[in-house]
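Reader: I would like a close look at a single part of this model, with the criteria behind each term spelled out as you go.

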Amino acid sequence: MNLELYIDNTRVDLFKDEAITITDTQQNVRDIALVFAPFSQQFNLPASSTNNKIFKHYYNNDIINGYDARFRVDAIIKLDGADFKVGKIRLDSVSMKNNKAHAYKVVFFGNTSSLKDIFGDETLSALNPLSAYDMVLNNNDTLDAFRYGLQSSGLPATNLANRNVTMPLVTLQNYYSYDSTNTITTPNLHNVAWTQLRKELKPAIKCKRIIEAIETQYNIEFNMANETGITSFFDSDVFDELYLWLHREKTPITNPETTVPLFGIDLDQRSKKLTFADFTYTSGTDYLSGGNLVVSDIYNYSIRLALDCNSGIDLEIISRDKLTNELLDYQTRITPANNFTVALRDLNSGTLSSRTYDIEFRLNSSSSGVFDAETMLITRTLKDGTPVDSGNYSYNAFNLGQNIFIQDYLPDMKVLDYMTTLFKMFNLTAYTKRGSSKIYIETFDDFMSTGVSHDISKYIVVDSNNIDRPIPYSRINFNYAPSVTQTSLRYLNQFSQQFGNLNYSAPEKYDGQSYDVQVSGQRSQLINIIDENGDFTGNVFGWWVDAESKTTLGKPYMFFNRLVDSSEYPVTSSQYEQYNSAANATEDANHTLNFGIEFNEYTGNLNENSLFNRFYSQYIVKLFEEQARVVKFTAQLPSSIVLNYELNDVFIVNGQEYYINSIQTNLLTNKSELELITKQSAYTPSVLT
């Protein structure tokens with residue numbers, strides 16, 4: 001096979017005798033919890049004139065604007081002229097001989113591994129598209145979020161598909177009972193006023209909206225509609241019911257008879273967001289014609305924001321770059337006069353760095369500020385301070401309002417950790433297809449149920465092969481984060497088992513170690529409220545307090561949102577006969593978020609449709625079967641197979657069918673080391689409805 005490597009669409013020179021080995025695996029039996037598990041391999045490239053141009057003589061650090069090895073660059077491996085692997089190249093080092101560059105050491109990564117580089121350490125709060133779901137802090141928005149859910153601010157949801165933001169009944173302090181006679185003195189859900197109840201509730205956002213925000217923010221595409229006929233997980237019914245609770249910090253709850261902060265913010269807090277898109281160009285040079293400010297390295301740029309507000313207002317002004325989430329300026333002041341300015345600059349350099357900016361100005365105050373027409377001046381100067389030109393922009397008058405900015409309340413969680421949590425909960429797998437930049441997301445069962453078969457018997461090198469036991473462990477522990485809520489701590493004390501976890505043991509106690517699948521998420525038992533007659537009302541709520549009945553935090557909490565019909569047990573004279581609440585099971589009970597079998601708080605029935613039974617059992621049980629084997633072969637596979645196999649395909653050797661665990665291909669010798677798992681039974685697609 002003819003091997004070619006392209007970096008940024010330029011063909012690279014290769015050593016004639018350099019072995020380039022690609023290891024291809026999707027879900028390795030030796031590391032079940034591994035996600036984003038693509039191939040990677042280090043190899044050498046000669047320091048030829050062509051390669052020196054590509055890497056811009058990286059060994060010479062005197063070159064200005066040379067090759068930046070801090071970043072990976074696009075690369076394609078071709079075999080016989082066809083794309084074999086599409087991914088990224090990272091330059092690690094340059095080896096020198098006789099004071100001359102000899103070879104560039106590089107590592108090739110598959111596309112899905114680049115997700116780690118794309119997301120970096122950015123947190124969910126950096127997802128700017130989620131600002132579309134900001135709410136106005138008033139009775140209508142919050143009550144509608146509680147009763148129906150919101151499409152966006154001021155638009156009540158009409159169905160599950162557009163129920164983007166809810167205010168679930170998860171309380172931060174009070175334990176509620178239900179008494180239609182209103183004779184109890186403890187908090188009573190029957191007569192609690194909404195203005196009181198809302199003080200200890202927080203919103204939640206549909207997880208699908210977070211995925212869409214990730215796609216937009218990072219300019220990537222997760223394939224929602226799989227052309228194989230299998231439903232993409234992110235487009236499934238079960239994922240559409242999943243929500244993330246916006247519980248970033250503990251809320252200081254005090255006596256409910258006093259005025260208490262909502263979401264940890266004073267009820268008098270007022271705020272406003274202004275972005276470049278809000279301003280209108282009026283005169284001078286228009287720097288924002290493309291929507292963003294592009295700063296070049298030959299000029300200095302400055303931005304001055306003039307705010308005309310009522311005198312004496314205390315104002316907090318936060319300026320940040322939406323593209324990088326970098327803080328650019330922070331000021332707090334009480335205005336001595338109506339007009340003042342904010343000088344914007346990079347906090348490190350004192351000026352704006354050379355890159356593209358999309359700046360957001362956040363104005364916060366404890367009073368209702370009134371602002372007349374505002375102006376923004378962008379000035380460009382030479383490095384020596386000589387003025388070049390400037391541009392003027394304006395914005396209409398406005399008042400500071402009571403707002404809930406969704407990004408402020410997202411849990412302190414990295415984007416990559418959020419994706420990894422979903423992958424571990426639902427046993428998802430990510431892959432790309434040749435010729436496509438889309439990232440396909442499916443359950444592992446769905447992925448494995450669509451492969452095709454290849455008979456490779458005649459390509460096997462028959463001098464030797466190894467047969468191993470399938471997995472070196474006999475017990476798999478599926479663990480959420482340690483319990484923090486009082487209800488779940490009581491469950492742990494009663495059953496010596498953490499709520500939501502599962503310790504799965506092999507059917508027979510054969511030799512092996514324990515293996516942990518750790519999920520960075522929280523589970524909590526919910527409470528079905530009892531009425532004055534001792535009957536369950538079906539009104540379910542979450543109680544987010546610790547063993548001492550104090551508000552607790554814990555890890556990010558995801559749940560299935562349920563619209564509860566409370567008409568049989570009306571609240572405050574039927575002010576709301578339905579409300580949103582958290583659930584551990586979908587409404588049709590087809591899915592739960594527990595790894596093991598648990599009781600459904602809404603029905604009291606035992607629900608066996610656990611995460612393990614729905615998404616892990618086929619894979620794990622097959623590995624624990626007595627006849628399961630891991631068989632290693634060496635094969636000289638032709639290009640017709642190397643260029644077309646997928647990791648969900650079945651290889652046939654002398655009549656025996658095998659699933660692929662990993663393939664290591666030497667592109668110099670064309671030999672492949674195959675690690676295969678005996679196929680005892682076929683995979684069936686996941687239940688996603």
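Author: By class, nine nonpolar, five polar and two charged residues line the second largest cavity, where Ala, Val, Leu, Ile, Met, Phe, Trp, Tyr, Cys and Pro count as nonpolar, Asp, Glu, Lys and Arg as charged, and the others, Gly among them, as polar. This is a predicted model, in which local features need pLDDT of at least 70 and side-chain atom pairs count only at pLDDT 80 or more, while totals for chains, interfaces and linings use all residues. Residues are numbered from 1 along each chain as its sequence is written, and side-chain values use heavy atoms, with hydrogens and water left out.

The structure holds six cavities of 30 Å³ or more, a cavity being a set of points, on a 1 Å grid over the protein atoms alone, where a 1.4 Å probe fits but cannot get out, with lining residues having an atom within 4 Å of a point. Of its 16 lining residues, Met448, Tyr619, Tyr659, Ile677 and Tyr683 lie nearest the centre. Two or more lining residues come from each of helix H9 (444–448), helix H11 (611–624), strand S45 (656–666) and strand S46 (672–678); helices (H or I, at least four residues) and strands (E, at least two) are DSSP runs, numbered from the N terminus.

Helix H11 also packs with H8 at an angle of about 85°, their axes 8 Å apart, with axes fitted to C-alpha atoms over the stretch in contact and angles running from 0 to 180 degrees between N-to-C directions. The two helices are therefore roughly perpendicular, the term for 65 to 115 degrees. Phe423, Lys424, Met425 and Phe426 of H8 meet Leu611, Phe615 and Tyr616 of H11, contact meaning heavy atoms within 4.5 Å. These residues divide into six nonpolar, no polar and one charged.

Notes: On a 1 Å grid over the protein atoms alone, a cavity is a set of points where a 1.4 Å probe fits but cannot get out, and a pocket is an open set with protein on both sides within 12 Å along at least five of seven lines; lining residues have an atom within 4 Å of a point. Grid points are joined across faces, edges and corners, and a volume is the space filled by probe spheres set on the points. Angles under 35 degrees count as roughly parallel, over 145 as roughly antiparallel, 65 to 115 as roughly perpendicular and the rest as oblique.
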